[in-house]
Amino acid sequence: MALVEQVMVQEPYAGAKRVFWIVDDGSSHRGRRSIDRMAARFPNAVLVHTPVHASWLNQIEIFFSIVQRKVVSPNDFTDLAEVRERLRGFEDHYNATAQPFQWRFTTSDLDNLLARLDRHTPADRQGESSVTPAAAEH
């Protein structure tokens, strides 16, 4: 709630008709109680929960990771205007050149991983160690 407070008391958010907060289903903002708590404190705030298995959220996290690596780091800005300018420039470049993310972990990869996991029991994993208990004692 500290972040929400910090944002919502400033313009343009304090005077906005609605401010959407998109959150995952984390324990601190789960369910109806979190919606009611937000509305009681900030009537113009609308809490939107992502689906429990929100794979599209991964796309957003990937994009923010790209922004972090290509725009924000190193943090050598002289003022907020420079941050805004660099972000806008990246936005224009990215929108002109972006391609869909290509997942490298396929359903076949998942099937193979699950099959390998199914083949191993806890006893099998003990045998995988490069150090046997007898050798470790000597």
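**Fold and cores of the predicted chain**

Read along the sequence, the elements of this chain run α-β-α-β-α-α-α-α-α. The model is a predicted one. In total the chain holds seven helices and two strands.

The largest nonpolar core is built from nine residues: V4, M8, V19, W21, V23, M38, F42, A45 and L47. Three elements, α1 (2–8), β1 (19–23) and β2 (45–49), each contribute at least two residues to this core. The largest share comes from β1, which supplies three residues.

One member of this core, M38, can be followed through its contacts. Leaving aside residues up to four places away in sequence, M38 touches M1, V4, W21, A45 and L47. Of these partners, V4, W21, A45 and L47 are listed in the core along with M38. Apart from this core lies another, made of five residues, including V67, V71, F90 and Y94.

The remaining values describe the chain as a whole. The chain has 138 residues, and buried residues make up 14% of them; here a residue counts as buried when its relative accessible area is under 20%. The exposed surface comes to about 11,300 Å², and carbon and sulfur atoms supply 56% of that area. Among the contacts in the chain with a separation of 6 or more, 55% are between residues 24 or more positions apart.

Methods
Residues are numbered from 1 along each chain as its sequence is written. This is a predicted model: local features need pLDDT of at least 70, side-chain atom pairs count only at pLDDT 80 or more; totals for chains, interfaces and linings use all residues. Side-chain values use heavy atoms; hydrogens and water are left out. A nonpolar core is a set of buried Ala, Val, Leu, Ile, Met, Phe, Trp, Tyr and Cys residues joined through side-chain atoms within 4.5 Å. Buried means under 20% relative accessible area, exposed over 50%, partly exposed in between (1.4 Å probe, protein chains only). Helices (H or I, at least four residues) and strands (E, at least two) are DSSP runs, numbered from the N terminus. Contact means heavy atoms within 4.5 Å. Accessible areas come from the Shrake-Rupley method with a 1.4 Å probe; for residues, only the protein chains shown count as cover.
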